[in-house]
Amino acid sequence: RLHLGRMARRLGDVAVARRELALANESLHNEDPSRLLLFGGGLPREALPVILYPSSGAYYNASGAPQWSGAQYDGKIRIPLSDRMDSGLDAVIAHEMTHYVVHQVAGTAVPAWLDEGLAQLAERRDDAWAHAEISRASRLYSLPELNEPFARLGSAGQARLAYAQALVTTRRLVDQVGMPRMRGIRDQLASGRGIEEIVDIR
């Protein structure tokens, strides 16, 4: 269950925000919740705040998020509403709610590439753009370079490549080991083991 965060009441059109959030709630609740639980865990029992900003500028100013970002989870889901009117608010919320679930079950032990890869799988993002992004790159990131939060990346181009590699690598990992073993990987990460110790990612 989602509810409108207080800042949206000050920053934006509350009627529009409530309508968009209601549509996103309905869409998410009509689907199998396993979409958001690829790594196990559960959905929040309490309402999870969603702050919808009327513009990218308001979002960046209030959240401190990188200029290339389109949404953020930091205990609340923060989304610039005007940028999301035509692109599916439910997909964005599915992505950010997956971060919530991952952090609840494994804390900060999950490498950023896996966290972001699972979130993109939850929003049902197609791999084609990611493979195209990777094929254009003159240099790919190593997995250790993608272990740290992507918010540190300085440009939209760097972020696109990082997200592309995260999606492709996570999809390959899930296909390689299967979802039941992903839960075991989660538990081992939470116990302090590194991803490289747990699985050979080909």
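This is a predicted model: local features need pLDDT of at least 70, side-chain atom pairs count only at pLDDT 80 or more; totals for chains, interfaces and linings use all residues.
A nonpolar core here is a set of buried Ala, Val, Leu, Ile, Met, Phe, Trp, Tyr and Cys residues joined through side-chain atoms within 4.5 Å, with buried meaning under 20% relative accessible area for a 1.4 Å probe, protein chains only. This core has 30 residues, and Trp113, Leu114, Phe150, Leu173, Met182 and Ile185 touch the most other members. Helix 5, helix 6, helix 8 (156-177), helix 9 (179-190) and helix 10 (195-198) each supply at least two of its residues; helices are DSSP runs of H or I, at least four residues, numbered from the N terminus. Helix 8 gives the most, eleven residues.

Leaving out residues up to four places away in sequence, Phe150 touches Trp68, Ala112, Trp113, Glu116, Ala162, Tyr163 and Ala166, where contact means heavy atoms within 4.5 Å. A second, separate core has 14 residues, including Leu52, Leu81, Leu89 and Ile93.

Now the helix pair. Helix 5 (residues 89-106) and helix 6 (residues 112-122) pack at about 135°, axes 8 Å apart; axes are lines fitted to C-alpha atoms over the stretch in contact, and angles run from 0 to 180 degrees between N-to-C directions. That makes helix 5 oblique to helix 6, oblique being whatever is left after under 35 degrees (roughly parallel), over 145 (roughly antiparallel) and 65 to 115 (roughly perpendicular). On the helix 5 side, the contact includes Ala94, His95 and Thr98; on the helix 6 side, Asp115, Glu116 and Leu118 are among the residues.

On conventions, residues are numbered from 1 along each chain as its sequence is written. Local features need pLDDT of at least 70, side-chain atom pairs count only at pLDDT 80 or more, totals for chains, interfaces and linings use all residues, and side-chain values use heavy atoms, without hydrogens or water.

Definitions and conventions: Buried means under 20% relative accessible area, exposed over 50%, partly exposed in between (1.4 Å probe, protein chains only).
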